[in-house]
Structures are given as C-alpha cells and as structure tokens.
Amino acid sequence: MKDGKYGFVGENGATLGGIVYDDIFDFDENKFGFVKNGEKYGMIDKTGKLGLPMDYDRQPVPLNSEFFKVLKNSFYGVTSLSG
C-alpha cells in the first residue's frame, strides 16, 4: 500500500501493474490477481497486465484458467481471457 492505493509486488520486488488499485485480492491457483477501483472489479495476470477489464460489478469468479463468471449491469455471464 502506498498513498492509499494498493498493488502487488512480484518475486523480483517490482510492482505488477503499479500501485493504483482501491483494493486487491490474493492471486488464485491460476495465477490471477483480482483488483478493484471504485465499485468495479477486474483481474491482472502474473506479469501485471490487466487480463479482465475493470468493468465488473463483483469480483470475477474463475471457472478454470480461461473462463470467468462475471456480473455486469445486473446480468451474470461468462467471459474468457480473449474476450
């Protein structure tokens, strides 16, 4: 945490994607880290790249290493890393 924002630090000590999030959640077994800004959630990968955009109303739920259950605008759906 720095200046009221959160980020992840990799094994080499470098930040992954910057210290720019309002909240962060542990990386899961598939190596995805879930993040929150305002009221929206997204996901970063182990390199810090945004894997799922900050578009979702709840934290995405991994179904496997490619697909996620998401909630957006009161509708549930499934999305993949490739969109």
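Student: What makes V61, L63, F67 and V78 a nonpolar surface patch?
Tutor: Patches take residues with over 30% relative accessible area and no salt bridge, and nonpolar side chains (Val, Leu, Ile, Met, Phe, Trp, Tyr) are joined within 5 Å. These four make a patch of about 360 Å², an area from the Shrake-Rupley method with a 1.4 Å probe, where for residues only the protein chains shown count as cover. This is a predicted model, so local features need pLDDT of at least 70, side-chain atom pairs count only at pLDDT 80 or more, and totals for chains, interfaces and linings use all residues. Residues are numbered from 1 along each chain as its sequence is written, and side-chain values use heavy atoms, leaving out hydrogens and water.

Student: Why is V61 called partly exposed?
Tutor: Buried means under 20% relative accessible area and exposed over 50%, with partly exposed in between (1.4 Å probe, protein chains only). V61 has 43%, so it counts as partly exposed.

Student: And why is M1 called exposed?
Tutor: Its relative accessibility is 67%, so M1 counts as exposed.

Student: How do you know that K5 and D22 form a salt bridge?
Tutor: The term asks for a side-chain nitrogen of Lys or Arg within 4 Å of a carboxyl oxygen of Asp or Glu. For K5 and D22 the N to O distance is 2.5 Å, and a salt bridge it is.

Student: What about D55 and K72?
Tutor: Their closest N and O atoms are 3.9 Å apart, and this pair also forms a salt bridge.

Technical notes. Patch = residues over 30% accessible without salt bridge, like charges linked within 9 Å, V, L, I, M, F, W, Y side chains within 5 Å.
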